[in-house]
Amino acid sequence: MCTLEKRGRIFILTITGSDEHRLNPTLMDAIQSALQRVRAESASSSALITTAQGKFFSNGYDLAWAGTSKARRELMNSKLQSLVTDLISLPIPTIAAVSGHASAAGFILALSHDYILMRSDRGFLYMSELDIKLVIPPWFISLVDCKIGSPKARRTVVLTAAKITANQAVELGIIDSAHDSVDETVDSAVRLGEELARRGWDGHVYGQNRMRLFAKVLDEIALDTTESTQTRSRM
């Protein structure tokens, strides 16, 4: 599922395998378990990098696992909300080293990090919901609003379902930098992580400030959780 390596002051979380890294409960639980270990072992001079093996960073929710089950779709949504909440509250800087395609919920996973670096020789960012006839959850949109500043870029992502390359994503202000290969992407992420870790920021303050920056996302997640609970209680 995933591995967690500590390299000096840097934690490197790698989603393993050569598949599409579809976000089902098993994978999300594994990632969240790794984040819990990071939270327990991190110091103020730490940073987290999330990356993946193979040609996919994550191709989104595991729709084949969910099938037509509303309960399974709600479970995936709930698991990702919990995972994203953990990333937002983590008391250290976070970097997504996007090693391949990041689609739909996989794109959201990448956006949940403070910085996004991406390989330019393969892969694209793709909010696929328009093409597959799904309405984007409100909390996804809140995250897009928080992380993508340009209205034009948000329109491109949400309302054209564009498959955005790394170089295009830099131009649109979606990611921080593009790199020639997966190795260069991860190496650059490590250098950035080291630079950030050297700042020695207070972890509690860092996490609280990020939570305030993403307050609208957390509010939407809380609202969605409340509405889902009320719906289940009426059934």
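Colleague: Hi! Is Lys147 buried or exposed, and which side chain of opposite charge is nearest?

Modeller: Lys147 is buried (under 20% relative accessible area, with a 1.4 Å probe and protein chains only; over 50% is exposed, in between is partly exposed). The nearest side chain of opposite charge is Asp114, 6.2 Å away. Here Lys and Arg count as positive and Asp and Glu as negative, while His and the chain ends are not counted. Lys147 has no salt bridge, meaning a side-chain nitrogen of Lys or Arg within 4 Å of a carboxyl oxygen of Asp or Glu.

Colleague: What kind of model is this?

Modeller: This is a predicted model, where local features need pLDDT of at least 70, side-chain atom pairs count only at pLDDT 80 or more, and totals for chains, interfaces and linings use all residues. Residues are numbered from 1 along each chain as its sequence is written, and side-chain values use heavy atoms, with hydrogens and water left out.

Colleague: Thanks! Where is Lys147, and what does Lys147 touch?

Modeller: Lys147 is in helix α5, residues 138–147. Helices (H or I, at least four residues) and strands (E, at least two) are DSSP runs, numbered from the N terminus. Leaving aside residues up to four places away in sequence, Lys147 touches Leu111, His113, Asp114, Gly173 and Phe214, where contact means heavy atoms within 4.5 Å.

Colleague: And Leu143, what's the relative accessible area there?

Modeller: The value for Leu143 is 0%, so Leu143 is buried. Leu143 also lies in helix α5. Its contacts include Ile108 and Val217. Leu143 and Phe214 are 71 residues apart along the chain, with 7.6 Å between their C-alpha atoms.

Colleague: New topic: in what order do the six strands of the open sheet come?

Modeller: The order is β1-β2-β3-β5-β7-β10, with mixed pairing; two strands pair if DSSP finds at least two bridges between them. β1 (2–7) and β10 (177–179) are at the edges with a single partner strand each, so one side of each has no neighbour in the sheet.

Colleague: How do β1 and β2 run?

Modeller: β1 and β2 (residues 10–15) run antiparallel, joined by six bridges. Thr3 stands opposite Thr14 in β2.

Colleague: What about the sheet with four strands, what's its order?

Modeller: That open sheet goes β4-β6-β8-β9, and its pairing is mixed as well. β4 (56–58) and β9 (163–164) are the edge strands, each with a single partner, so one side of each lacks a neighbour in the sheet.
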